Amino acid sequence: MKIRGKTIAVGCAAAVLLTSLSFVTASATIKPNKAFPTKPVTLTMWWWGEQEAPGAQAWVDATVKAYQKKRPNVTIKTVLQTTDGLVPGFAAAAAAKSGPDLQYFWGGIYSQQPGWDGQIAPVSDYIPASELKHYINATTELSFNGKIWTAPWYVNPSFPVLARTDILSKYNLKVPTTWTDLLKVCDVLSKEGVPTLAGGVKDGWFGGWLYSIIGGQSVTNKDVVAAVVGKQKFTDAKHSDWWTRLQETKERKCWNSDINSLELYQAQQLWKDGKAAMTVVAGPDAPNFANAVGASKVVVMAMPKWSTGKFAGKMGSTSQTIGITQWSKNKEVAADFIMFGHEKAQLESWYKLTGSMPADDRFDLNLVKDPVKRALFKSALPGAPYIENFIPAQLDADAVFANVQLVLSGTKTGKAAAADMQAVMERLRKTDRNLVKNFTAWNK
């Protein structure tokens with residue numbers, strides 16, 4: 001979810017996507033063709049997404065209704081999960097081997113781990129390769145040993161920085177594009193009592209965003225996996241320098257003073273209210289934020305560059321996904337519903353209702369007329385890997401979330417945070433014997 005200033009034709013962006021993403025078709029082992037069941041079938045779908053792509057609830061309701069019209073014997077029950085409850089809720093369901101047939105997953109490790117743990121069935125066993133090849137980021141994040149674990153639903157440019165030119169110009173400032181410029185803006189605005197960046201880390205999630213949009217400037221996803229398996233270290237300069245950059249934002253008073261007591265979405269309201277010059281949002285929601293204050297006042301961009309790394313100055317790109325649970329008794333029907341959601345009418349409906357991009361290269365980008373959305377999609381398609389998705393979830397929570405909170409509270413240095421991240425990773429390698437094996441296979 002990102003946006004830039006140039007108005008290059010969206011068709012060109014599609015061309016970039018198709019040439020930059022290498023769809024390595026998985027060798028699906030589709031089950032023998034069966035006649036679609038005629039007896040009553042009930043599917044339960046646990047999902048998330050209304051929080052970052054408002055309008056998703058309307059799409060889910062309309063798509064379920066349309067599908068049930070096509071398949072009158074199928075009933076689909078949907079349950080919207082909370083942000084904090086999504087992961088632990090599924091963990092409890094998996095332990096009981098009951099609950100949803102269809103489950104929402106974030107990309108990368110959040111889709112890999114349930115597969116490794118035997119909690120989900122590969123969608124490539126039920127969805128043909130000829131169909132899956134159109135699903136954006138399917139092979140980038142979701143493939144493992146020739147299988148695709150989950151099916152991309154919508155694209156999440158990850159994560160755009162929104163700058164308000166009206167606030168910056170009030171203090172004779174320009175939108176910063178380099179790290180040095182950002183810190184200079186922080187110096188000016190902090191003296192005026194205005195946060196340069198609005199953020200909230202109380203609930204932890206923003207820590208992972210910061211790791212990706214700052215830390216991702218100096219590494220690749222393969223570097224990150226190499227550090228996970230022990231071939232590199234999180235204390236190596238290319239992995240650790242971002243912690244020093246984060247410490248600089250604290251020392252230069254870039255953030256709202258209550259960043260540690262506000263949750264992620266609470267803090268973004270400061271930007272909407274004109275009380276902060278910049279903030280970071282979920283990609284699907286960026287156009288809504290921009291239009292809420294007036295798109296002409298907003299520049300949507302990647303985090304200002306501090307590194308000369310391959311992905312510095314680029315936003316990450318990930319897809320939020322839907323998987324099929326291992327215990328579902330109706331896996332073929334679940335897959336049929338996923339494919340229905342990728343039909344032309346549903347792709348266009350998703351964009352119309354949410355303003356965000358469906359994760360399918362068959363979506364007609366010429367439908368995107370809003371210049372903010374067009375620039376957002378343009379910058380997302382050739383985006384960088386979203387590195388938070390390539391570390392163990394426990395490392396994310398125990399090292400990234402926790403240490404970002406400590407660095408931004410001023411109680412820990414960046415150097416100490418990097419050392420702690422390395423120590424947590426070493427512990428995880430000792431306690432999870434399959435971790436190195438799985439991450440090594442994933443990185444091939």
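The paragraphs below go through a strand pairing and then through several salt bridges of this model.

The model is predicted, so local features are described only where pLDDT is at least 70 and side-chain atom pairs only at pLDDT 80 or more, while totals for chains, interfaces and linings use all residues. Residues are numbered from 1 along each chain as its sequence is written, and side-chain values use heavy atoms, with hydrogens and water left out.

Strand β1 (residues 41-47) pairs with strand β2 (residues 74-80) in the parallel sense over seven bridges, where two strands count as paired if DSSP finds at least two bridges between them, and where helices (H or I, at least four residues) and strands (E, at least two) are DSSP runs numbered from the N terminus. Between β1 and β2 the chain passes through helix α2 (residues 56-70), and this β-α-β crossover is right-handed, in the sense that, with the strands pointing away from the viewer, the path from the first strand over the helix to the second runs clockwise. Within the pairing, Val-41 stands opposite Val-74 in β2.

Turning to the charged side chains, a salt bridge is taken as a side-chain nitrogen of Lys or Arg within 4 Å of a carboxyl oxygen of Asp or Glu, and by this rule the count comes to twelve. One of them joins Lys-147 and Asp-125, with an N to O distance of 2.7 Å. This pair links distant parts of the chain, 22 residues apart, since Lys-147 belongs to strand β6 (residues 147-148) and Asp-125 to the loop between β4 (120-121) and α5 (129-132). Asp-125 is buried, with a relative accessible area of 10%; here buried means under 20% relative accessible area, exposed over 50%, and partly exposed in between (1.4 Å probe, protein chains only).

Another salt bridge is formed by Glu-131 and Arg-362, whose closest N and O atoms are 2.9 Å apart. Glu-131 lies in helix α5 and Arg-362 in the loop between α15 (344-354) and α16 (371-380), so that the pair links parts of the chain that are 231 residues apart. Glu-131 counts as buried at 13% relative accessibility, whereas Arg-362 is partly exposed at 36%.

In a further salt bridge, the side chains of Asp-223 and Lys-238 meet at 3.2 Å, N to O. Because Asp-223 lies in helix α10 (residues 221-229) and Lys-238 in helix α11 (residues 237-251), this pair ties together parts that are 15 residues apart in sequence. Asp-223 is buried at 14% relative accessibility, while Lys-238, at 35%, is partly exposed.
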